[in-house]
Amino acid sequence: MKLSNLSFSVSVFLLSGLLSACKSENYQFNIPSSPYPVSEDSFSLDTLAEGFTIPFGLAVVNEDEYFITDRLGDFFHYQQGSLTKIKGTPKVTYFDDPGIAAIKHGGLMDVSLHPNYAQNGWIYMAFLATSGHAKAVRLKVEGDKITELEELFASRDQIYLGNGMRIVWQDAQHFFLNVGGSAYSTRNNPVMLAQDFQMDAGKIHRLLEDGGVPADNPILPGLSSPTSIWSYGHRDAQGFHYEAASETFLAIEHGPKGGDEFNVILPGKNYGWPLFSYGLHYDNQEVSLISEDSAAVISVLPEHQWTIGEGFGRHSIAPACLLKVSGSNVSDWNGYFLLGSLAYRRLLKFNRSTGETFGLPIEGRVRTIQQLPSGDILALIERRNTMPADGVLVRISN
């Protein structure tokens, strides 16, 4: 179907684009106040496509061609203003057992292009399969259908909680894959799967382009040879940034009730979940089994952590994506990291050098952000999790 571009000012987008859509579906969509000062930056928005439910993954081919995933299991090709649904997409857990857990955490997740996509045509995809196993595949698309598909990774364990799977490339031979492990762990009832090397949840994996285990992956404590596990003790990392020039791997990660993290990811290191967290369980039970001082000895503490409020009143921002902006036409964002806050339903910008975070007047659950070669920014925004299909793809420019 052909979609016309609808240009909005920021105020029109916020008031008309979001709120009227919610009213038309006969439910309320309340936007919490920003937990951080709002930076009134200068930009404009174009809506490129709409009708998504939980848009999650976005892979950029060029200025006007992208691949998009929707957690419900739909895979789309956007090209020159046209949106085509791709046939033959792997079946995913969504409405199957265990019900609401799969709706919140399962489904079709990230999509990424091989660095040599122009030559080999490989598209990489991560999802929770109907078997309950986290999987990564590579595939090729011709027209409106998948013509080749190879399974590269399947978790050894069934994973129904906290697997907001993301893919980022280290180089043309290696990619990183998150498999979350945000089981409902408390001090009185610890769930240690993120610390268990026999389970793949709660880990960041490093794989060869064909799904093999790199020979230079770390050898983890108690093991005699490398596995796919690059780092462990993760709750649910939903935003990756890899900087090739400095070989720096950064990730943002969901805490429970507070304690969202900005981490520098290093090979073979333990990131502490659930041994230590700055957050509480959702019912205000303590999570941490050890002190911060002890955690600093046996694990890597976050470079920065976000917790709104104190004590039992603390809350998370629930970070969903990560982009370091450089050379953008939106000059106010250059040098900052952008991340979506699912809990506060808005885009945030973060200054890594100062630790300052700012709210931005782009509202909705921003799931993914990517920068185009021109410097413009793309964002996938869902209006409300598990609600009617009112998610959008927008282009942000100066």
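Visitor: Which ring has Arg235 lying over its face?

Guide: Keep in mind that this is a predicted model. The distance from Arg235 to the ring centre is 5.1 Å, and a charge counts as over a ring within 6 Å of the centre and within 35 degrees of the normal. The ring in question belongs to Trp273.

Visitor: And which residue lies over the face of Trp122?

Guide: Here the distance to the ring centre is 4.7 Å. The residue over Trp122 is Lys140.

Visitor: How do the rings of Phe43 and Trp333 sit: stacked, tilted or edge-to-face?

Guide: Their centres are 5.4 Å apart. The planes meet at 50°, so this isn't a stacked or an edge-to-face case. The pair is tilted.

Visitor: How many residues apart in the chain are Phe43 and Trp333?

Guide: Phe43 is in the loop between helix H1 and strand E2. Trp333 sits in the loop between E19 and E20, so the pair links distant parts of the chain, 290 residues apart.

Visitor: What about Phe262 and Trp306, buried or exposed?

Guide: These two form an edge-to-face pair, 6.5 Å centre to centre with 75° between the planes. Phe262 lies in strand E17 and Trp306 in strand E18, so the pair ties together parts 44 residues apart in sequence. As for accessibility, both Phe262 and Trp306 are buried.

Visitor: Which residue in E20 is the bridge partner of Lys324?

Guide: Two bridges join E19 to E20, and these strands run antiparallel. The partner of Lys324 is Phe337.

Conventions:
Residues are numbered from 1 along each chain as its sequence is written. This is a predicted model: local features need pLDDT of at least 70, side-chain atom pairs count only at pLDDT 80 or more; totals for chains, interfaces and linings use all residues. Side-chain values use heavy atoms; hydrogens and water are left out. Two strands pair if DSSP finds at least two bridges between them. Helices (H or I, at least four residues) and strands (E, at least two) are DSSP runs, numbered from the N terminus. Rings of Phe, Tyr and Trp (its six-membered ring) pair if their centres lie within 6.5 Å; planes under 30 degrees apart count as stacked, over 60 as edge-to-face and the rest as tilted. Buried means under 20% relative accessible area, exposed over 50%, partly exposed in between (1.4 Å probe, protein chains only).
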